[in-house]
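Dear colleague,

Please find below the structure I would like to hand over to you. My notes on it follow directly after.

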Amino acid sequence: MIRLFDSARGEICELRLRDPGRVSMYACGPTVYDLPHLGHGRYTLVWDVARRWFTFRGLDVRFVSNITDIDDNIINRALRDDTTETDIARTYEHQWWAAMDLIGVARPDDTPHATKFVAEMTELIASFLESGVGYLTSDGVYFDVSRVKDYGLLAGQPLESLRAGARVEANDEKRSPLDFALWKFAKPGEPSWPAPFGDGRPGWHTECVVMSLALLGDGFDLHVGGFDLKFPHHENERAQAVSQGRDFAQHWSHSGWVMVGSEKMSKSLGNFTSLTDLLEKTDARAYRLLVLRSHYRSPIEVTPATIADAERALLRLDTLARRFDLAALAGNALEVATDFTWTEETGKLCEKVGAYLDNDLDTPLAVAALFEAVSTANTAADKGEDARGKELALAVNALFGALGLQLLSSSHHMDDLSATLVAERDEARFTKNWAEADRLRDELVKLGWVVEDSASGTTIRKP
Ligand SMILES: [Zn+2]
């Protein structure tokens, strides 16, 4: 049984699945107008770990995460850079996947792009106008939140107190400051789509509700995201679904903030300005380990000091990999427990770690138990119990693999060129450019790698 904190219920509860054995999961993806920041790295790592853990447990996970490729920020960036919105979206989506590949976040099963679902969005908005939940103003179509009985469920506050705390906006055509834009009418020079109620573009909250329901269906299991999306974004997604009488996400989970200390984002202190910047300066695995060592709902501090600390811990793991000649796991592949052999001792370790992870994804306790097992493996080998040491080391490797953390012995260390080729090959496979994917496979084979494919990406290992 997997338990997870549910933001709507306000407590840890059992993850009840619509179809036994299968998990349908949606994470709000990025709006692609800038380099991914550290917060993006954190939430994608957290939900990548959850997805990997569910898979390791034998659940069949379908993970959908969107790309918002039209939005005010994209339009403003295009103006600033004197280029088109399409160009901005394409450029920064590319940057996004490059960073995701580097931190080992496996590609989602589906990455819907908002601009491909505009017809479904206009249909939904038209139905809101018809039922009176939506209303027209001079600049767009808005959603009347007072028409949703339990509005404020995710915020954990009733409508009245939310209204009292809301910022009064310039747009006095809105019936309430909490009402949100479903559709924004086109301004000259902006991209727009035709709609019976006036050409324009969709609001962000409408994009996600349409894409999640279209791809995962009513009553899908789990909607996740960073804590900052809980209100108003997720509240507003939910409001649109329930106002239609549709069953939306059964569970909601949110991950915590990234702190950069009091000297926020100061370059003079050597802090990292973006995820891309962090990944240029450090071993990408260190960020994953830093994330794993904190509970997903707690804030984390990402500074050169906390990253260096994670790198030291990583060194201990790589030393274990060298000593016992462990093969590199994880990467883009998702591991499954039944693919490994467990002895009585390592079976117990797997059970212990599993119990922590099943209980609200308690990665700090799981990682602590794994580091204890690292010590036990080394001590066993020191005493001449080589077989026992190796079995423990293999189990540690498998369980870190389940969390997406790759242990590397030096002989298996992926050099920069190979890492780039793997990333390029994943990109090629992702865009269904099979000829290029084959060519990149051949390049990797020439470098001495065994190349393996999985649904979620390329894995390489030495023969
Ligand atoms: Zn969303």
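In which strand does tyrosine 26 lie? Tyrosine 26 belongs to strand β3, which covers residues 22-27. Please note that this is a predicted model.

Tyrosine 26 has 30 other C-beta atoms within 10 Å and is therefore buried, the threshold being 20 or more. Leaving aside residues up to four places away in sequence, tyrosine 26 touches Val64, Ser212, Leu216, Phe220 and His223. Tyrosine 296 is 270 residues apart from tyrosine 26 along the chain, and 17 Å separates their C-alpha atoms.

Ser212 and Leu216 are among the buried residues of helix α6, which runs over residues 204-216. Ten of the 13 residues of this helix are buried, so α6 is largely enclosed by the rest of the structure. From its first C-alpha to its last, α6 reaches 18 Å, close to the 18 Å expected at 1.5 Å a residue.

Four strands form an open sheet with antiparallel pairing, in the order β5-β6-β7-β8. Strands β5 (134-136) and β8 (200-202) stand at the edges with a single partner strand each, so one side of each has no neighbour in the sheet. On average, neighbouring strands of this sheet are turned by 25° against each other, direction ignored. Three bridges join β7 (residues 180-185) and β8 in the antiparallel sense, and phenylalanine 185 stands opposite glycine 200 in β8.

Yours sincerely

Note on methods: Residues numbered from 1 in each chain as written. Predicted model: local features only at pLDDT ≥ 70, side-chain atom pairs only at ≥ 80, totals over all residues. Pairing = 2+ DSSP bridges. Helix = DSSP H or I, 4+ residues; strand = E, 2+ residues; numbered from the N terminus. Axes fitted to C-alpha atoms, helices over the stretch in contact; angles between N-to-C directions. Expected span 1.5 Å × (residues − 1). Buried ≥ 20, exposed ≤ 12 C-beta atoms within 10 Å, placed from the backbone. Contact = placed C-beta atoms within 7 Å.
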